[in-house]
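Subject: Structure for your attention, with notes

Dear colleague,

I am handing over the structure below, and my notes on it follow. Please read them with the coordinates open.

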Amino acid sequence: MQRNNSLVSAILCCAVLVCAALLVPALSHAHRVTVFAWVEGTTVFTESSFSKGNPAVNARIVVSDKAGTVLLEGTTDRDGAFAFTAPKLEDLTIVIDAGPGHRGEWVVRESELREAQGLATEEANRPSPAPAPVSPEGTVSAVTSAIDRDELRAMIDDALDKKLKPLTKMLVEAQSDEPSLTEVIGGIGYIFGIMGIILYFKSRRDR
Amino acid sequence: MHISEGILSAPVLAAGAGAAVIGIAVGVRKMDQETIPRVAVLSSAFFVSSLIHIPIGPSSAHLILNGINGLLLGWLSFPSIFIALTLQAILFHFGGITTLGINTLNMALPALICYAIFHRPVLSDNALLSSCASFLCGFLAVFLSCLLAALSLVSTNESFMALAKLLVVAHIPVMVIEGFITLFCVAFIKRVKPEMLGGLHATK
């Protein structure tokens with residue numbers, strides 16, 4: 001009987017801990033550091049934070065290529081941000097080191113880099129519209145409207161980049177795994193389940 | 001202080017895993033029908049403790065609860081902490097899978113050491129001695145965990161003293177809070193069921 005009492009009280013203590021953890025949202029998040037990066041033009045922007053919102057300040061960022069060679073290093077500022085010019089057009093691995101034992105990683109794909117810069121290079125490669133079409137107005141206006149269309153495309157892509165950036169950021173944040181109540185309860189259930197199995201085998205051996 | 005994946009080198013991970021396996025094996029062998037529910041409860045407490053955050057300046061630290069784990073479980077704190085860490089890694093992606101061994105060692109060994117030092121003073125009738133012992137148990141367990149974690153991280157090109165200082169300073173609020181938590185838990189258990197503190201089945 002006494003043993004049951006203490007088990008119950010111990011369970012109560014545990015329950016209090018769980019409630020404390022979950023009813024105080026400001027305190028209740030697991031402690032991971034994540035880095036998120038996006039590309040605009042030739043610049044790669046990174047933002048790093050602990051769980052939701054708390055920026056990782058003065059953390060070390062290391063950018064390496066596919067082979068693992070370190071391409072450049074930097075430190076995050078007060079908002080956890082760090083930007084750099086893409087040194088190479090291949091998959092870049094961005095690693096953040098926010099103190100002992102805290103490490104996060106993000107890979108910027110080569111396709112993303114090419115796409116962000118691709119427009120710039122495409123435009124540069126586009127043959128200049130100068131050559132004098134000694135022909136009637138029709139051809140000249142055809143060339144002019146082709147130029148406009150390209151510029152328009154560039155403007156639209158720019159605008160889309162700006163609009164999508166916060167959305168992509170939200171997606172990454174939404175994916176960041178904060179332990180939910182379900183997971184906590186599930187975990188505790190697993191613990192009791194595992195202990196039950198151990199108990200079963202121990203009791204069989206004693207018999 | 002859960003060490004994440006990809007930081008430690010293979011030899012360190014292997015050594016940590018090896019030592020942890022030994023501790024867990026000893027712990028599991030010592031488990032019996034009476035102590036298993038206790039292990040379950042303390043393992044759950046440890047599991048949940050990582051959710052309780054203590055903001056310290058720009059970053060923050062979380063509770064560890066290995067002091068009370070050690071005091072009530074002794075060698076059994078190895079399997080208790082190991083199971084909780086495994087579930088934290090799988091469900092919360094907190095810590096790593098390859099680092100399970102070294103993390104278990106870093107948190108369970110101090111628990112065992114504090115059990116060895118404090119489980120008798122804690123039982124004393126002198127309230128002051130008992131309170132001090134419980135507080136120190138919680139305090140020291142976190143402190144030793146910091147040192148062990150710093151030691152594990154030494155292989156990553158940073159000096160031990162710098163790491164140790166960083167970790168210890170970051171965890172001082174945690175140490176103090178856990179000292180008090182252990183103090184209150186012990187006071188409570190002493191009133192309800194003092195046998196629970198009496199050390200397990202002749203471990204030390």
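In what follows, a residue is called exposed when its relative accessible area is over 50% and buried when that value is under 20%, with partly exposed used for what falls in between. Please keep in mind throughout that this is a predicted model.

Helix H1 of chain B

I begin with helix H1 of chain B, which takes in residues 10-30. The residues of H1(B) that are buried are Val12(B), Leu13(B), Gly16(B), Ala20(B), Gly23(B), Ile24(B) and Gly27(B). Around the axis they cover an arc of only 105°, and so they lie on the same side of H1(B).

Chain B as a whole

Chain B contains seven helices and two strands, and along the sequence these follow the pattern α-α-β-β-α-α-α-α-α. Of its 204 residues, 58% count as buried, and its accessible surface comes to about 7500 Å², with 73% of that area belonging to carbon and sulfur atoms. When contacts in chain B between residues at least 6 apart in sequence are considered, 76% of them join residues at least 24 apart.

The loop between H4 and H5 of chain B

Two residues of this loop deserve a mention. His93(B), which is placed in the loop between H4 and H5 of chain B, has a phi near 55°, a positive value in a residue other than glycine, and with a relative accessibility of 44% it counts as partly exposed. Thr98(B) is also found in the loop between H4 and H5 of chain B, and at 45% relative accessibility Thr98(B) counts as partly exposed. Leaving aside residues up to four places away in sequence, Thr98(B) touches Glu5(B) and Leu13(B); Leu13(B) is one of the buried residues of H1(B) listed above. Although Thr98(B) and Gly6(B) are 92 residues apart in sequence, their C-alpha atoms are 8.6 Å apart in space.

Chain A

Chain A has four helices and eight strands, which run from the N terminus as α-β-β-β-β-β-β-β-β-α-α-α. Buried residues make up 29% of the 207 residues in chain A, and this chain exposes about 12700 Å², of which carbon and sulfur atoms supply 60%. Among contacts in chain A with a separation of 6 or more, 50% are between residues 24 or more positions apart.

Leu152(A), Met155(A), Ile156(A), Leu160(A), Leu164(A), Leu167(A) and Met170(A) make a nonpolar surface patch of about 670 Å²; Met170(A) has its place in helix H3 (residues 137-175) of chain A and is exposed, with a relative accessible area of 51%. Asn58(A), in the loop between strand E3 (54-55) and strand E4 (60-64) of chain A, has a positive phi of about 55° although it is not a glycine, and Asn58(A) is exposed at a relative accessible area of 60%.

With kind regards

Technical notes
Residues numbered from 1 in each chain as written. Chains lettered and ligands numbered in written order. Predicted model: local features only at pLDDT ≥ 70, side-chain atom pairs only at ≥ 80, totals over all residues. Heavy atoms only, no water. Expected span 1.5 Å × (residues − 1). Buried < 20%, exposed > 50% of the residue type's maximum accessible area, 1.4 Å probe, protein only. Arc of directions from axis to C-beta. Patch = residues over 30% accessible without salt bridge, like charges linked within 9 Å, V, L, I, M, F, W, Y side chains within 5 Å. Areas by Shrake-Rupley, 256 points an atom, 1.4 Å probe, with all protein chains shown as cover. Salt bridge = Lys/Arg side-chain N within 4 Å of Asp/Glu carboxyl O. Contact = heavy atoms within 4.5 Å.
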